[in-house]
Amino acid sequence: MQLVVEYPDILPDALRVSRNEFEQEARMAMAVKLFELGRLTSGQAAQLARLERVEFIMNLYRYSVSPIQITPEELAEDFANA
């Protein structure tokens, strides 16, 4: 499937990136946010971003997003069960 997002022609120039770089960054930002919200797995998000899963995970730091999406309660429960 395809999603079309319109943006001003000047936007990539304003950000000092090529059109392809801008579009890749937009795909990555969408993938990261959906991953952060728990709507996509890291593998699904990587596919959306058109990256290998490891590469997607290694780039999460650029968005201040942890590759480990676990709540403090889930972590405490894991420690209790360990």
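This is a predicted model: local features need pLDDT of at least 70, side-chain atom pairs count only at pLDDT 80 or more; totals for chains, interfaces and linings use all residues.
Residues are numbered from 1 along each chain as its sequence is written, and side-chain values use heavy atoms, with hydrogens and water left out.

Back to Ser42. Is Ser42 buried or exposed? Its relative accessible area is 11%, so it counts as buried. The cut-offs are: buried is under 20% relative accessible area, exposed is over 50%, and partly exposed is in between, using a 1.4 Å probe and protein chains only.

And who does Ser42 touch? Skipping neighbours within four places in sequence, Ser42 is in contact with Phe35, Arg53, Phe56 and Ile57. Contact here means heavy atoms within 4.5 Å. With Arg53 there's also a polar contact, side chain to side chain, at 2.8 Å. For that you need a pair of N or O atoms within 3.5 Å; within protein, one must be able to donate a hydrogen and the other to accept it, and residues adjacent in sequence count only if both atoms are side-chain atoms.

Now look at that partner. Arg53 is in helix 4, and with 46% relative accessibility it's partly exposed. Leaving out residues up to four places away in sequence, Arg53 touches Ser42, Gly43 and Ala46.

Let's zoom out to helix 3 itself, residues 42-49. Its buried residues are Ser42, Ala45, Ala46 and Ala49. Why are they on the same side of helix 3? Because they cover an arc of only 105 degrees around the axis, where the arc is that of the directions from the helix axis to the C-beta atoms. What covers these buried residues includes helix 2 (19-36) and helix 4 (53-59). Just after helix 3, Arg50 takes a positive phi of about 60 degrees.

So how do helices pack? Two packed helices are described by the angle between their axes and the distance between the axes. For helix 2 and helix 3, the axes come within 8 Å and cross at roughly 165 degrees. That makes helix 2 roughly antiparallel to helix 3. Axes are lines fitted to C-alpha atoms, for helices over the stretch in contact, and angles run from 0 to 180 degrees between N-to-C directions. Under 35 degrees counts as roughly parallel, over 145 as roughly antiparallel, 65 to 115 as roughly perpendicular, and the rest as oblique. On the helix 2 side, residues including Met28, Ala31 and Phe35 meet Ser42, Ala45, Leu48 and Ala49 in helix 3.

Next, the loops. Arg16, in the loop between helix 1 (10-14) and helix 2, has a positive phi near 60 degrees without being a glycine. Arg16 is exposed, at 78% relative accessibility. Ser64, in the loop between helix 4 and helix 5 (72-81), isn't a glycine either, and its phi is positive at about 55 degrees. Ser64 is exposed too, at 68%.

Last stop: Val4, in the segment before helix 1. Val4 is exposed, at 64% relative accessibility. How far apart are the C-alpha atoms of Val4 and Glu74? They're separated by 37 Å, and the two residues are 70 residues apart along the chain.

How values were computed: Helices (H or I, at least four residues) and strands (E, at least two) are DSSP runs, numbered from the N terminus.
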